Amino acid sequence: MAKNKYLISILALIIVFAGVLAGCGSSSKDDSKSDSANSGAKSGETKNLTFMFRGGPDEQKAYTAVIKKFEEDHPGVKVKIVTTTADQYATKLKASIAGHSVPDVFYYDPGDLRAYVNSGVLADITQYVEKSSIDINNIWPYGVNFYRYDGSVTGQGNIYGLPKDVGPFALGYNKTMFEKAGIALPDKDKPYTWDEFIKVNQELTKDTNGDGKIDQFGTGFNVNWMLQSFVWSNGADWLDSTKTKVTIDDPKFAEALQYFADMQNVYHITPSVQEAQTLDTYQRWMKGEMAFFPVGPWDMSTYEKLPFEYDLIPMPAGSTGKPATWLGSLGIGVSADSKYQSDAAELVMYLTASKEGMEQLVAAKVQIPNLIDMAKTWAADTSTKPANKEEFLQVVNEYGRPIPGTQTYNAEWYNLFFTDIQPVIDGKVTAADYVKSEQPKMQKLLDKAIEQEQKSKK
Ligand code: CA
């Protein structure tokens, strides 16, 4: 499902990093890489680049078209495209790293940056970006900074890639359902309080055909993607500011997690596990049988065909009174082993920062514009769906945050939280008990990640 795109990357980090450490695989290319790097092609010779990425059918189609245009504009450069589905990407990239056959240009998760730089997988493309005509100040700084690393901290220093996109995770609602029920539409400028959110969901959760079974629900949130919003807007977090301490054993955190679980177990506005087995929540949303569902920019092409009107609003606000959500990103980097680093960097810039490349990708409705000036024009047009595209930009500019697992050397500690969480969601364990018992286990894994990072620098 589309919602998984960033989690898969986080999981990939662990797998890939394990591969790098183990040093598995052997390669005949291994010895020649430093000689050939950056030597470029002799005149008249075709420079063959490989670009590996992932995405749904609409995204693959859009990127293939942009690559074709790139080739037209860059005679002598040919790009071989390797695409995979989101689930297969991690395995494929891992295999290519282990086999020392990393594609010239490839997607990577910002959480992988430090491990990839420290192990020599990623090329430093600072010089190419600085020499180019692109205006880096016109790309979302949040996205650009994800791919900077000074050898000690990320967010500053040399450039090891550019953002393919930034992915603001917003809340969508079924406008048609509200209108049919005669309920006032949500305010795009004023988030629901948690109490208001429960109340409106109860009004919309119904047995519409009178057979005794509920067939229209308020929410159906996946804990992996939606809990962050509730925790953060309640003033809690997974990590402290030094990113060395797991802080889930905070009463504000437990309160948010309990609220999340209660949507199913106490308020019954979310399908039960049994009900979700009959028809999962994504399918229910797609059929028009769910009031609220998260929406990322990559969903826009699919949601064009929804059998109802939808729009975006802020996430409900907890005790801070402010909405919160995560803002993902995927980077496009150049292999340190690429023979044609200058051309590979050129392709990265074409895909991420050129007006001609970006216009095609935005028209395909698979992302928000990477270029700030283009994004403003795009959001101002309320005649295209969703009308309140401005919400995406507000997430980017005002209230989006990185996923905690991408903030540390690896995400094992963070993933454990979600691996163990089902009993809380099912109402068998209280949130207060869970955070107390889970914190030490997660802290242990985080300590291990910090230790691994120190070792990798030696
Ligand atoms: Ca029914």
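1. In this predicted model, Phe-221 lies in the loop that connects α9 (194–204) with α10 (223–233). Phe-221 counts as buried because its relative accessibility is 9%, and the cut-off for buried is under 20%.

2. Leaving aside residues up to four places away in sequence, Phe-221 is in contact with Leu-171, Phe-197, Met-226, Phe-230, Phe-260, Met-263, Phe-292, Phe-293 and Pro-294. A further relation concerns Ile-425, which is 204 residues from Phe-221 along the chain; the C-alpha atoms of the two residues are separated by 11 Å.

3. The calcium ion is coordinated at 2.1 to 2.4 Å by Asp-207 (OD), Asn-209 (OD1), Asp-211 (OD), Lys-213 (O) and Asp-215 (OD). The donor residues follow the sequence spacing D-x1-N-x1-D-x1-K-x1-D.

4. Two of the calcium donors, Asp-207 and Asn-209, may be considered for their accessibility. Asp-207 has 29% relative accessibility and therefore counts as partly exposed, whereas Asn-209 is exposed, its relative accessible area being 51%. The cut-off for exposed is over 50%.

5. Helix α15 (residues 341–353) packs against helix α16 (residues 355–363) with an angle of about 50° and with the axes 6 Å apart. The angle makes α15 oblique to α16. On the α15 side, the contact is made by Tyr-350, Leu-351, Thr-352 and Ala-353; on the α16 side, by Lys-355, Glu-356, Gly-357, Met-358 and Leu-361. The residues of this contact comprise five nonpolar, two polar and two charged.

Key
Residues are numbered from 1 along each chain as its sequence is written. This is a predicted model: local features need pLDDT of at least 70, side-chain atom pairs count only at pLDDT 80 or more; totals for chains, interfaces and linings use all residues. Side-chain values use heavy atoms; hydrogens and water are left out. Helices (H or I, at least four residues) and strands (E, at least two) are DSSP runs, numbered from the N terminus. Buried means under 20% relative accessible area, exposed over 50%, partly exposed in between (1.4 Å probe, protein chains only). Contact means heavy atoms within 4.5 Å. Donors are N, O and S atoms within 2.8 Å of the metal (3.2 Å for Na, K and Ca); water is not among the atoms, so sites may look incomplete. Axes are lines fitted to C-alpha atoms, for helices over the stretch in contact, and angles run from 0 to 180 degrees between N-to-C directions. Angles under 35 degrees count as roughly parallel, over 145 as roughly antiparallel, 65 to 115 as roughly perpendicular and the rest as oblique. Ala, Val, Leu, Ile, Met, Phe, Trp, Tyr, Cys and Pro count as nonpolar, Asp, Glu, Lys and Arg as charged, and the others, Gly among them, as polar.
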